[in-house]
Amino acid sequence: NLNFKKKYCTQRHIQYHFFITPDKSLVCKDFLPFEVRGVKRNYDSIKELVPDFINRVDPNCYFKNDSHINYSGGKILSYCYLNQVDTNLKESEFNQVLDGQISVVDGFHDGDLTYEKNWSYPEEEKKRYLKEPTITYRNDFLQDKSDVLPEEFKYVGIRETKYYLNPKGFTNLKVLIFSDSSFDFLKDVLSTYFKEILFYWDHWFFNKELIDWYKPDIIFEIRTERFLENMKYEIR
């Protein structure tokens, strides 16, 4: 699957990068309500093909009430991903880019682990996990241009495609990002590097028609590690 995508993109002079968001259950395994006797990593099945950044994140990079990485973790991973594209990009230089584009906002977060379908503990215990204090990163210069998308690309099931322009982008590059919902916590920091950003939610649907229409310079495929075990096309 990866070799096909790399070949497809190379033939069209597009850079292709596949990245993994490390699972919360791996990074935060000491907080699980049971003893972890063995650790299985889906990454191990493709470790010769893709980079691994699990050593760059820690439990502070994840929400307590959510299965996803948080915005601080997203900031760390965004730099790791971009450094694979631009090996000359120093972290200090990247932080200067962020200082010029990103606002830091204090707020609260209600995560997916508190949803009724995911909560298996007494309702009374849920209260202390609601409204988790969080730091949110917002790119002040992103312009939402999703209305110009052709109708066939505007949604994948119920998931909305997002198309942004960034007049303050560090480069003039156009990126197409195939990802799951972890991208929500990467978007604003990752977008500081690019002039145009197109996010397409999918589970393994490599939409060639979208690629031909958008003509990106770079394609990122960003997957939460647990989904590597379920490589099928889902619409929901």
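**View 1. E221 and R223 meet through their side chains in a salt bridge, with 3.0 Å from N to O.** A salt bridge here is a side-chain nitrogen of Lys or Arg within 4 Å of a carboxyl oxygen of Asp or Glu. The model shown is predicted, so local features need a pLDDT of at least 70 and side-chain atom pairs count only at pLDDT 80 or more, while totals for chains, interfaces and linings use all residues. Residues are numbered from 1 along each chain as its sequence is written, and side-chain values use heavy atoms, with hydrogens and water left out. E221 is buried, with a relative accessible area of 1%, and R223 is likewise buried, at 1%; buried means under 20% relative accessible area, exposed over 50%, and partly exposed in between, computed with a 1.4 Å probe on protein chains only. K5 joins E221 and R223 in a network of salt bridges.

**View 2. E91 and R56 form a salt bridge that links distant parts of the chain.** The closest N and O atoms of E91 and R56 are 3.3 Å apart. E91 belongs to helix α4 (residues 91–101), whereas R56 lies in the loop between α2 (24–27) and α3 (71–85), and the two residues are 35 residues apart. Helices (H or I, at least four residues) and strands (E, at least two) are DSSP runs, numbered from the N terminus. E91 counts as partly exposed, at 32% relative accessibility, and R56 is also partly exposed, with a relative accessible area of 36%.

**View 3. K127 and E124 form a salt bridge between two exposed residues.** The closest N and O atoms of this pair are 3.5 Å apart. K127 has a relative accessible area of 56%, and for E124 the value is 56%. In total, the structure holds 16 salt bridges.

**View 4. H13 has a positive phi, near 60 degrees, although this residue is not a glycine.** Most residues other than glycine have a negative phi. H13 is placed in the loop between α1 (2–11) and β1 (15–21), where this residue is exposed, with a relative accessible area of 74%.

**View 5. K215, another residue other than glycine, has a positive phi near 55 degrees.** The loop that holds K215 runs between α7 (208–214) and β10 (218–224). K215 is exposed, with a relative accessible area of 58%.
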